[in-house]
Amino acid sequence: MDGKYKEIAEELFSRSLAESEMRSAPYEFPEDSPIEQLEERRHRLERQISQDVKFEPDILLRAKQEFMKTDSATDLEYMKEQNQVSEFQERELIPEREYQRVTISGEEQCGVPFTDLLDAAKCVVKALFIREKYMGLSMQSFCRTTARYLQELSERPLDIGIYEEEIPETTFTASMYIHTHTHTHTHTHYTRTSLCLFSDATVHPPVSETHPYESQDPASMPPDTGYGCKMVNGVVHVYTTRNIMDKSTELDLPYPDLQEYIADMNVMMALIINGPVKSFCYRRLQYLSSKFQMHILLNEMKELAAQKKVPHRDFYNIRKVDTHIHASSCMNQKHLLRFIKRAMKKYPTEIVHVERGKGQTLMEVFESMNLTAFDLSVDTLDMHADRNTFHRFDKFNAKYNPIGESILREIFIKTDNHVEGKYFGHIIKEVMADLEESKYQNVELRLSIYGRCRDEWDKLAKWAVKHRVHSNNVRWLIQVPRLFDVYHTKKQLSNFQEMLENVFMPLFEVTVSPGSHPELHLFLQHVVGFDSVDDESKPEHHIFNLDSPLPGNWTEEHNPPYSYYLYYMYANMTVLNHLRRQRGFHTLVLRPHCGEAGPIHHLVSGFMLSENISHGLLLRKAPVLQYLYYLAQIGIAMSPLSNNSLFLSYHRNPLPEYLSRGLMVSLSTDDPLQFHFTKEPLMEEYSIAAQVWKLSSCDMCELARNSVLMSGFSHKVKRYWLGPRCIEEGQAGNDIRRTNVPDIRVAYRYETMCEELNLITQAIRTDEMETIEEEGSLCITAVQGEK
């Protein structure tokens with residue numbers, strides 16, 4: 001069977017290598033409704049009664065429930081209980097427990113024969129178990145709801161607790177009211193808990209009075225453990241002594257088995273091209289889209305009414321996180337232009353560059369280009385993406401050079417230069433000041449570690465600490481460009497393992513002995529994970545399998561494939577996370593660029609190894625993977641304006657489809673320097689999306705809530721932003737006072753997902769029961785035959 005999977009996977013890999021661009025799959029989703037239908041729906045909705053169900057007469061409620069074919073007894077009983085609730089519970093804090101639901105009756109609820117359902121369910125569950133295994137191994141998060149359903153089918157206990165940070169229990173006082181209500185609906189049984197807080201409950205995390213980069217004394221840092229580290233076959237091994245030659249002293253830190261990973265990869269590749277599974281997943285995705293349209297038709301007014309009841313909170317003052325943005329382009333072009341002009345006036349005689357052993361001042365650099373501060377304009381900088389960058393990643397990368405000069409890029413937007421990143425640090429701090437002024441916008445900036453030399457980490461950390469580049473609104477991700485072939489050609493690296501050592505060995509050293517790299521230890525406290533970046537559309541000349549060279553033997557001129565990069569980043573991050581957890585430090589996650597272009601198997605690697613991904617455009621061509629990303633609730637940071645300039649026209653962007661189906665999507669800016677015009681690029685991204693796709697206020701707030709949930713900010717911070725119970729499933733985890741997302745929307749998402757998971761797991765359980773019964777009847781027949 002493994003051999004068959006391998007053949008299918010290699011055939012698919014070969015096909016992707018031969019085709020420069022994926023052919024569209026025969027699954028085209030319908031366009032949005034015409035404007036006439038939208039207007040007709042709007043008028044019809046305005047005629048509906050928006051009064052709360054709980055204040056309607058019982059007879060009207062019964063009529064509605066009869067029409068919707070749902071059991072109203074439980075809800076009627078609950079409404080009577082609600083009337084007797086203590087007066088100190090405020091009316092607007094009572095969550096919407098009743099809304100118009102869409103249900104399906106009958107035996108074959110999914111529209112396919114049971115045998116097809118069973119085959120598809122087994123494949124889907126197998127894929128989810130594969131992801132759960134790799135997430136658990138690397139201490140990354142896995143959807144709690146999905147884990148709970150998988151637990152019912154698992155022979156081993158799934159430790160859901162390992163995916164989350166330790167969260168202290170909230171202390172309940174007389175000011176809080178807890179009401180638990182059990183509701184059974186369409187085979188889904190769960191408990192909802194509403195938490196009611198005073199309206200003045202703080203939504204801002206406490207701010208430290210001291211700067212986090214002040215305590216640089218190595219003596220005040222955690223002690224050295226005396227461990228030794230060595231990279232073996234591309235993965236770092238840790239030893240209890242500095243004598244790394246003694247294998248008996250190796251620490252038992254788990255990492256993935258290469259052979260097992262290749263086997264799992266082949267299974268996943270075979271699964272996504274399985275015809276019946278593709279048909280099943282496509283049907284479910286279409287159903288989810290249609291169900292959401294029905295939900296909006298029936299409940300849009302109620303969701304709007306719930307938002308209107310919330311005092312003070314609206315879209316502008318809910319927390320939003322830009323989950324995908326690069327530090328070197330986090331400012332807009334006008335901001336950079338003004339900064340360059342100020343620098344020319346303030347530091348004209350400062351030596352900023354060394355050319356052939358001779359120092360050049362900032363004024364001399366511009367004089368060599370025949371430019372003055374007055375001559376500079378946005379058009380002169382020429383850093384904005386235009387129609388010429390579409391499907392031309394090389395031209396897009398060239399846009400990072402102001403006035404087309406790489407020397408200006410080095411001076412102004414690099415951390416490692418002759419002025420030690422002074423100008424870049426200043427402009428980043430100006431962006432941070434703007435974020436702090438807006439208060440509710442946060443970003444996760446990407447900084448680059450190239451892996452060309454061992455001291456890159458120390459230089460980056462010293463830049464951040466020296467220039468005090470820090471903000472409570474900012475967290476860092478480290479992006480590793482996939483440029484080994486470039487460095488190898490320039491003789492900067494001899495093999496791929498050398499690149500891995502340069503990226504990961506300093507992290508192991510600072511974890512073992514924080515005092516050995518004091519600035520790096522302080523800087524890492526604000527780093528949340530890794531990113532893998534480059535042009536995904538570049539052709540790959542190698543298929544990652546058991547015959548692939550190990551990193552120490554990879555000396556080819558061709559670049560390793562995407563899955564090769566991702567596996568070895570994941571493997572080393574896994575070992576590092578276990579070591580950091582032992583030492584009481586926070587762990588890191590993998591959040592690569594994935595599915596922007598190129599072959600579909602990039603998304604398979606992302607599904608198996610990554611907590612979140614950026615872009616995910618190619619999911620629109622892979623219904624199986626799209627359904628799996630939905631069931632696993634994998635975060636997808638989407639950047640429609642960026643895609644519009646590089647790979648996909650804005651109107652073809654699948655974000656509204658992903659959102660309607662319930663995928664965990666968020667809006668991000670990617671590169672404001674290239675794609676945006678205003679001082680608030682994230683708000684620009686939201687506003688354009690709302691105008692083009694006619695997103696409601698509820699949709700916008702849901703996207704913002706998703707961005708916080710999938711971000712790398714700590715759970716302690718998220719509890720302030722989203723509510724003290726934000727980790728709980730479904731409606732219980734939502735606090736509309738902080739998120740402005742109606743409980744109706746959250747309950748709909750949760751119930752719909754539970755129904756999908758229940759459909760799959762119930763099919764497998766039914767088959768298992770029938771198998772047991774058949775085996776039992778065979779045993780009885782055999783015994784009777786012997787008698």
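Helices here are DSSP runs of H or I with at least four residues, numbered from the N terminus. On that basis, Lys-291 lies in helix α8, which covers residues 275–309. The model is predicted.

**Lys-291**

- Lys-291 has a relative accessible area of 6%, and because buried means under 20%, this residue counts as buried.
- Two polar contacts involve its side chain: one of 2.7 Å to the side chain of Glu-755, and one of 3.5 Å to the side chain of Thr-752.
- Apart from neighbours within four places in sequence, Lys-291 is in contact with Glu-755, Thr-752, Tyr-748 and Val-102.

- Strands β6 (residues 351–355) and β7 (residues 358–361) run antiparallel and are joined by four bridges.
- Val-354 stands opposite Gly-359, a residue of β7.
- Two residues separate the strands of this hairpin, and Arg-356 in the turn has a positive phi of about 55°.

**Helix α17**

- Helix α17 takes in residues 496–512, 17 residues in total.
- At the start of α17, a side-chain oxygen of Asn-495 comes to within 3.1 Å of the backbone nitrogen of Gln-497.
- The helix has a kink of about 35° at Phe-504, shortly before the proline Pro-506.
- Of the 17 residues in α17, 14 are buried, and the helix is mostly covered.

How values were computed
Residues are numbered from 1 along each chain as its sequence is written. This is a predicted model: local features need pLDDT of at least 70, side-chain atom pairs count only at pLDDT 80 or more; totals for chains, interfaces and linings use all residues. Side-chain values use heavy atoms; hydrogens and water are left out. Buried means under 20% relative accessible area, exposed over 50%, partly exposed in between (1.4 Å probe, protein chains only). A polar contact is a pair of N or O atoms within 3.5 Å; within protein, one must be able to donate a hydrogen and the other to accept it, and residues adjacent in sequence count only if both atoms are side-chain atoms. Contact means heavy atoms within 4.5 Å. Two strands pair if DSSP finds at least two bridges between them. The expected span of a helix is 1.5 Å times one less than its number of residues. The bend at a residue is the angle between axes fitted to the seven residues ending there and the seven starting there.
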